[in-house]
Amino acid sequence: MMTSSPNPLLIPSELPYQLPPFAAIGVDHYAEAIEAGLAEQLAEIEAILAVQEPADFANTAVAMERSGQLLGRAVNSFFTLVSADATEAIRELETALMPRLAAHRDAIYLNRALYERFAAIDTDGLDAESLRLVEEHLREFRQSGIQLDEAGQERLRKLNAELSTLGTEFGQRTKEGMKSGAVLVEDAAELAGLPQDDVASAAEAARAAGHDGKYLLTLIQPSNQAAMASLENRELRRRLYEASICRGTDGSALDVRDLVLALVRLRSEKAALLGSANYAELVVERQTAPDFAAVERMLNRLAPAAVRNADAEAAALAESAGHQLEAWDWAFYSAKVRRERYEVDEQALRPYFELDRVLTDGVFFAANRLYGLDFRERADLTGYHPDVRVWEVFDADGAGLGLFLGDYYARETKRGGAWMNSLVEQSALLDARPVVINTLNISKPPAGEATLLTLDEVRTVFHEFGHALHGLLSDVTYPRFSGPEVPRDFVEYPSQVNEMWIIWPEVLANYARHYRTGEPLHQETVTRLEESRLWGEGFATTEYLGAALLDLAWHVLDEAGVPSDVLDFEAKALASAGVAHALIPPRYRTGYFQHIFAGDGYSAGYYSYIWSEVLDADTVEWFKENGGLTRANGDTFRAELLSRGNSRDPLDSFRAFRGRDAELEPLLKRRGLE
């Protein structure tokens with residue numbers, strides 16, 4: 001959409017909490033505001049360098065934190081659309097802007113004069129957060145290549161620009177591949193076993209795609225597709241499975257193998273240029289893990305036990321199936337065995353998990369009990385799409401805390417998966433209160449029908465809200481440290497902790513009610529759910545470790561070791577790591593491993609989920625030992641951890657909360673890996 005109206009991004013929003021006025025923003029506004037923001041921040045940096053007085057904390061570090069507000073405002077809004085509502089015009093602008101943004105970052109962190117001012121700051125007498133601010137900026141300068149000579153810096157700039165362009169293309173192809181991989185079904189009889197609301201959603205998806213009277217099974221990002229647990233038609237399960245795992249490596253125009261090899265080669269060169277043995281070593285330097293060897297030791301310790309558990313599960317599934325098991329059979333017969341052994345039918349639970357009730361009487365209820373938060377929907381405030389809902393969040397004392405946006409339904413313009421991001425980050429320095437978003441990909445039912453969730457989708461709703469709490473409860477001075485702006489292998493920790501409340505008796509009893517009758521989920525069903533907790537952990541841990549170890553395999557390569565055949569390398573890497581299970585593909589295969597190839601988010605860092613889960617499992621034990629869902633417990637967790645962001649070492653925050661370092665045993669017990 002092109003418009004000649006005044007650009008609303010050029011000034012701070014007048015809406016509550018500076019919520020962007022999305023209805024007034026056109027694509028050309030984003031382009032103009034980002035270009036203006038790039039220029040403005042560079043001018044602000046030049047102003048810092050032009051100060052005649054010696055460098056000190058106020059005229060250098062604080063000035064740096066105040067810089068870039070226009071750019072941040074425009075970029076946060078724009079990339080929300082890139083991931084959640086990307087039109088063709090937005091995608092084209094993304095392609096054009098990514099190398100510009102990479103170059104802009106290099107212009108700041110490869111600026112020797114700016115580095116020297118930071119290095120000259122006298123830190124004596126600074127408070128702990130201010131001292132950390134100086135130290136973190138200096139570390140980022142060093143990790144960004146400030147020590148390189150001019151030729152080295154020039155090569156690094158080119159590498160960063162190329163990596164940015166390739167990562168953007170990978171993400172765009174992956175999104176289109178997920179869309180084009182959807183499986184079209186001619187006859188409703190083929191969908192036997194699929195819940196009726198899912199059948200209705202498939203019919204609506206087909207209608208929207210121009211296939212009236214047919215059914216479209218859309219794909220989700222991970223390898224394992226949820227519909228395979230209920231589809232009775234084995235041939236359709238096979239079609240759905242193969243459509244999923246062949247994404248990105250099928251020889252079509254959306255094949256990403258060329259991008260993968262180029263990305264891996266360039267990342268390897270970048271690591272060598274910066275003095276690291278490989279890209280994985282370079283990444284781990286920035287995380288809470290002490291070193292790459294510690295990550296390898298942990299994953300290698302877990303893998304054999306996970307595969308043993310998976311093999312035991314496979315034997316039980318084959319016995320139930322009465323025939324040779326294939327990968328597309330696993331979810332179907334796993335659900336069958338769960339029903340037979342534990343009398344738990346997850347599909348039968350869905351009427352008890354209606355989205356609005358899960359949100360208001362589950363997620364928000366738990367947050368109220370723990371932190372005293374109150375959520376009031378604001379129908380007068382709008383997001384970037386009609387499906388986006390806005391809640392104002394109030395603290396226990398009645399003060400406005402921020403805004404929470406929920407964007408729950410899948411659509412063609414949205415990438416797969418689920419995530420949280422911030423439109424406005426909390427900062428006392430900038431007098432900014434948080435505006436955060438949870439984005440999911442739940443199938444949208446036909447108009448007037450209830451949105452019924454699977455247990456896994458309930459888990460995702462609680463998980464992503466844990467990220468939202470990390471942003472909403474942030475209480476830091478400097479925007480650099482706000483909420484989830486922590487090392488990648490720590491960021492999943494608060495979100496994983498929030499999953500514990502899903503089946504906490506007080507919470508579950510409040511939200512798990514039949515959407516038509518209001519009947520609560522029976523206690524015996526809850527008991528059986530708890531008894532069945534370990535069933536499927538072999539599969540879940542093996543598919544996760546497959547992805548984590550595949551990620552590392554790609555990122556320990558030197559330039560000479562980059563292969564020519566992506567699929568051959570993938571197979572050998574999984575076999576070498578001991579997680580090449582014929583019936584369990586990695587949670588993400590190389591061809592659609594968006595976490596690690598579409599940008600730099602989780603590259604060489606997908607291990608983060610299980611690394612964070614060590615902290616999470618130990619924290620769950622703490623809550624249980626101290627009375628569970630209480631304000632006292634919530635206030636402690638908030639004060640020592642959620643509010644701190646990255647204003648101190650996150651592991652120091654954990655120690656302050658737990659009283660010691662995390663122990664591995666609770667995780668091993670949770671996943672049945674003792």
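This is a predicted model: local features need pLDDT of at least 70, side-chain atom pairs count only at pLDDT 80 or more; totals for chains, interfaces and linings use all residues.
Residues are numbered from 1 along each chain as its sequence is written, and side-chain values use heavy atoms, with hydrogens and water left out. When I name helices (H or I, at least four residues) and strands (E, at least two), I mean DSSP runs numbered from the N terminus.

Let me stay with α2 for a moment. Its buried residues are Phe-57, Asn-59, Thr-60, Ala-61, Val-62, Met-64 and Glu-65, and they pack against α1 (27-50), α4 (88-109), α5 (112-120) and α6 (128-143), with contact meaning heavy atoms within 4.5 Å. The N-terminal end of α2 is capped by Asp-56, which places a side-chain oxygen 3.2 Å from the backbone nitrogen of Ala-58. That is a polar contact, a pair of N or O atoms within 3.5 Å; within protein, one must be able to donate a hydrogen and the other to accept it, and residues adjacent in sequence count only if both atoms are side-chain atoms. Just after α2, Gly-68 takes a positive phi of about 80 degrees.

One of the helices around α2 is α6, and Glu-140 sits in α6. Is Glu-140 buried or exposed? At 17% relative accessibility, Glu-140 counts as buried. Its side chain makes a polar contact of 2.5 Å with the side chain of Arg-105 and another of 2.4 Å with that of Arg-480. Leaving out residues up to four places away in sequence, Glu-140 touches Arg-105, Tyr-109 and Arg-480.

Ser-13 and Arg-73 are 60 residues apart in sequence, and their C-alpha atoms are 9.2 Å apart in space.

Now let us turn to the sheet. Five strands form an open sheet in the order β3-β4-β5-β7-β6, with mixed pairing, where two strands pair if DSSP finds at least two bridges between them. Because β3 (374-377) and β6 (419-424) stand at the edges with a single partner strand each, one side of each is left without a neighbour in the sheet. From one strand to the next, the twist averages 25 degrees. Strands β5 (residues 400-409) and β7 (residues 435-442) run parallel and are joined by six bridges, and Leu-403 stands opposite Val-435 in β7. Across β5, β6 and β7 lies helix α3 (residues 69-84), running at about 155 degrees to β6; axes are lines fitted to C-alpha atoms, for helices over the stretch in contact, and angles run from 0 to 180 degrees between N-to-C directions.

In the loop between β6 and β7 we find Asp-431, which has a positive phi of about 50 degrees although it is not a glycine, and which is exposed at 66% relative accessible area. Glu-343, in the loop between α13 (330-342) and α14 (346-349), also is not a glycine and has a positive phi of about 55 degrees.

On a 1 Å grid over the protein atoms alone, a cavity is a set of points where a 1.4 Å probe fits but cannot get out, and lining residues have an atom within 4 Å of a point. Which helix gives the largest share of the lining of the largest cavity? That is α18, with three residues, and the lining as a whole includes Leu-370, Trp-501 and Phe-637.

Key: Buried means under 20% relative accessible area, exposed over 50%, partly exposed in between (1.4 Å probe, protein chains only). On a 1 Å grid over the protein atoms alone, a cavity is a set of points where a 1.4 Å probe fits but cannot get out, and a pocket is an open set with protein on both sides within 12 Å along at least five of seven lines; lining residues have an atom within 4 Å of a point.
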